[in-house]
Amino acid sequence: MSVTQDGDKSGSVPHRMRRILRGPRPEKVPAIVGTACTFIGLVDIAAGVFPRFRTSRVHDLVEFLPGTLGPLSAALSLSVGVLLLLLAHGLKRHKRRAWQAAVILLPLGAAAQFTYRHSVLGALFSLALLALLLHHRKEFAALPDPRSRWRALANFVLMGAGSIGLGLIIVSAHPGKIIGDPGLTDRLTHVLLGLFGTEGPVSYSGSVSWTVGYSLGALGLLTAITTIYLAFRPEHPVARLTEDDEARLRELLARHGGRDSLGHFALRRDKAVVFSPSGKAAVTYRVVSGVMLASGDPIGDVEAWPGAIERFMDEAKAHSWTPAVMGCSETGGHVWTRETGLDALELGDEAVVDVPGFSLSGRAMRNVRQMVKRIERNGYHTRVRRARDIPDTEMEHIRQAAAGWRGTTTERGFSMALGRIGDPQDGDAVIATAHKTDEHTDTSPYGDLKAVIHFVPWGTDGMSLELMRRDRTADPGMNELLIVAALQASPQLGVERVSLNFAMFRSALARGEKLGAGPVLRIWRGLLVFLSRWFQIESLYKFNAKFQPRWEPRFVVYRRTGDLPRIGLAAMQAEGFVDLTPPRPLRRKHPRPARPCPHITPPPGEHMRAA
C-alpha cells in the first residue's frame with residue numbers, strides 16, 4: 001500500500017473526508033456560529049412577523065428554531081431573533097461577553113421550545129448549539145472594546161428606529177384581519193403605543209391583536225433593556241498616552257527618530273502604545289471601529305521591532321481587533337510582513353525634499369518662483385522659527401488662528417498629524433508664519449498673521465510637515481510661500497531634509513497620464529481623478545510635485561483582503577473624513593477669538609523673507 005506526500009495511505013479515507021469528519025477547525029468556529037446566529041435570527045424574526053411563514057412549507061425548518069406558534073411564542077421568536085442578530089457580530093469576533101450571553105440565551109430558548117410548543121427537536125437544536133459553544137469556549141476569550149456611555153444613546157436611536165420600522169411591518173402583516181382601513185398615521189401611532197405596552201387605534205379580529213401586542217411590547221422591552229444595560233455598565237475608556245509613555249517615546253525618538261519621518265506623530269496623545277519586552281521599541285496605535293490602527297514604522301531600535309510587533313499582535317488577538325498599519329515605509333513593511341504573516345499593499349508616496357539640492361532657479365520651478373515673487377510684491381513677509389523661540393503671547397495667537405482657520409468642527413489627521421501646536425514639550429518644532437500689515441490688522445483677532453505652517457522634528461537634521469492653515473481672505477499661494485520660506489531657512493536651522501504631504505496613489509496618477517499608458521491604468525487614473533472631487537488625491541500629488549521632491553513609497557499592512565474595506569473606513573474615521581460619533585451637546589464649534597495681536601517686529605538676526 002503506497003503512501004502519499006501528505007502521509008495518507010492509498011485506499012484509506014480521503015484527506016478531505018477526514019477533515020469533514022473531524023468537524024470545523026477551531027479558529028473557524030466563531031465565524032460559523034456567528035453566521036448561524038445571523039441566519040437563525042432572521043428566520044426567527046420572519047417567523048414572528050409573517051403569519052404565512054409560520055404556516056407555510058418552511059414550517060418543518062422552523063420546528064428547529066425557538067418559539068414560532070401562538071401570540072406569546074411569536075413575541076418570543078421575535079425577541080430571540082433580534083438578540084441573536086445583536087450577538088452574531090460579537091461571536092464572530094470571539095467576544096467573551098457575546099459567548100456568555102448566547103450560553104444564557106440558548107437554554108432559555110430550549111426551555112421555551114419544550115414549555116410552549118412541546119418541541120423536542122427545537123430544544124435539541126438549541127442544546128446542540130449550546131454544546132458547540134461550550135466545547136469551543138476557549139475560542140471566545142476576546143476582551144471588550146473601549147467604550148463609553150455614548151453607545152447607550154446610539155443603541156437607543158438605532159434600536160428605536162429599527163423597532164418602529166419592524167413594528168410597522170408587524171402591524172401591516174395581517175391585512176385580512178385588520179378591522180377597517182387605518183391610515184399610516186394610525187398604524188404609526190399603534191406602533192409607538194405598542195412599544196410602551198399599550199393598545200393602539202388599529203383593531204384586529206381573532207387573536208391577532210394579542211400577537212401584534214406581544215410582539216410590539218417585546219421590541220420595546222428589548223430596546224429599553226439594552227439601552228439601560230449600556231448606560232449603566234462600567235466604562236472602558238479608550239487608552240491614551242500617559243506621561244510616562246510619552247517620556248519613554250521621546251527617549252526612543254531622541255536616539256532613533258531620524259529613521260522615520262512619521263516618528264514624531266507617535267506622540268499624539270489620543271494614541272495608545274505597546275513596548276517591546278526590552279523597552280527599546282514601541283508601536284503606537286488607535287482602535288477605531290474594531291480596527292487596531294498603527295501608523296508609520298515602529299519607534300526605536302530596528303532589532304527590537306519584532307518584540308514590539310509581537311506585543312501589538314497579542315493585544316489585537318486579546319481583544320479580537322483587526323490589526324492594520326497605515327503608512328509604513330518599505331523597511332517597516334518588510335518587518336511587519338515577515339514577523340506577522342500579514343500582507344502589504346502600496347498606498348502612495350511621501351514627498352521628501354533634500355534641502356541642499358533645493359533651488360527656485362530653473363524652468364521646473366518657474367511657477368513656484370513667480371507665485372512667491374508676486375505674493376512678496378503684495379506686501380507679505382515670512383518668519384521661520386523654532387517653537388521654543390516664539391513668545392508665549394504670539395504663540396497663543398498662532399494657536400488661535402490655526403484653530404479658527406480650520407474650517408471644520410473636527411481636527412483632521414492621524415498618521416501625519418500631531419493634533420497640537422505650540423506645546424512646551426515640542427520646542428524643536430518649526431513654525432513658519434506669513435504676515436501682512438493692512439487696514440484690517442488692528443481689528444483682526446490675529447493681527448497681521450495671514451498663514452501658518454507647522455513642522456515637527458524628524459530626527460536631528462529633518463522636519464516633517466504637520467499642518468497648513470491660512471486666512472481665507474489672504475492671497476492664493478500662502479502655502480507655497482511658507483514652504484519655500486521654510487526650505488530656504490532650513491540651513492540656518494540645521495535641517496537637511498523636509499518631508500511634505502503624503503500623496504495617495506501617486507504612482508497610478510503619474511503613470512496613468514504618461515504616453516502609452518494602458519486602458520486599465522487610464523481607467524484607474526480616471527476613477528482617482530473623479531474621487532478627487534471629494535478627497536484631496538490629485539491635488540496633493542500636484543501640490544507636492546511643484547517642489548521637485550523625491551518620492552518614498554508608503555504601504556498599508558493588513559491581514560486579509562476582505563479586511564481592506566473595514567480598514568479603509570477606520571482610517572477615514574481616524575483621519576477625520578468620516579465622523580460616526582454622536583454629537584456632543586453644547587460643544588463649541590470654534591475657539592473664542594483672541595484679543596487683537598499687534599504687529600510684531602522680529603528681533604535682529606532672525607530669518608525673515610520680505611519683498
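Reply: In this predicted model, ring pairs join Y285, F312 and W336 into a cluster. Across the whole structure, a search finds five aromatic pairs.

W405 belongs to the loop between helix 15 (392-404) and strand 10, while Y446 belongs to the loop between strand 10 and strand 11, so the pair ties together parts that are 41 residues apart in sequence. Both W405 and Y446 are buried.

A further pair, Y541 with W551, is tilted, with 6.1 Å from centre to centre and 45° between the planes. Because Y541 lies in helix 19 and W551 in strand 14, this pair ties together parts that are 10 residues apart in sequence. Y541 is buried, at a relative accessible area of 11%, whereas W551 is partly exposed, at 22%.

The loop between helix 19 (538-545) and strand 14 (550-558) holds Q548. The phi of Q548 is near 50°, a positive value in a residue other than glycine. Most residues other than glycine have a negative phi. Q548 is partly exposed, with a relative accessible area of 49%.

S320 also has a positive phi, near 55°, and is likewise a residue other than glycine. S320 is placed in the loop between helix 12 (305-319) and strand 7 (322-328). With a relative accessible area of 15%, S320 is buried.

Helix 12 itself contains A316, which counts as buried at 3% relative accessibility. Setting aside residues up to four places away in sequence, A316 touches M292, W321 and P323. A316 and L293 are 23 residues apart in sequence, and their C-alpha atoms are 9.9 Å apart in space.

The interior may now be considered. In soluble globular proteins, nonpolar side chains tend to be buried together. Here the largest nonpolar core has 34 residues, and F358, F455, M478, V498, L500 and F547 are those with the most contacts inside it. At least two residues of this core come from each of strand 8 (343-354), helix 14 (366-377), strand 10 (430-435), strand 11 (449-458), strand 12 (462-470), helix 16 (478-493) and strand 13 (497-504). Helix 16 supplies the largest share of the core, nine residues.

Beyond its neighbours within four places in sequence, L500 is in contact with A351, V353, M416, L465, I483, N544 and F547. Another core, of 29 residues, lies apart from the largest one and has L241, F265, V273 and A570 among its members.

W524 counts as partly exposed, because its relative accessibility is 33%.

Conventions. Residues are numbered from 1 along each chain as its sequence is written. This is a predicted model: local features need pLDDT of at least 70, side-chain atom pairs count only at pLDDT 80 or more; totals for chains, interfaces and linings use all residues. Side-chain values use heavy atoms; hydrogens and water are left out. Helices (H or I, at least four residues) and strands (E, at least two) are DSSP runs, numbered from the N terminus. Buried means under 20% relative accessible area, exposed over 50%, partly exposed in between (1.4 Å probe, protein chains only). A nonpolar core is a set of buried Ala, Val, Leu, Ile, Met, Phe, Trp, Tyr and Cys residues joined through side-chain atoms within 4.5 Å. Contact means heavy atoms within 4.5 Å. Rings of Phe, Tyr and Trp (its six-membered ring) pair if their centres lie within 6.5 Å; planes under 30 degrees apart count as stacked, over 60 as edge-to-face and the rest as tilted.
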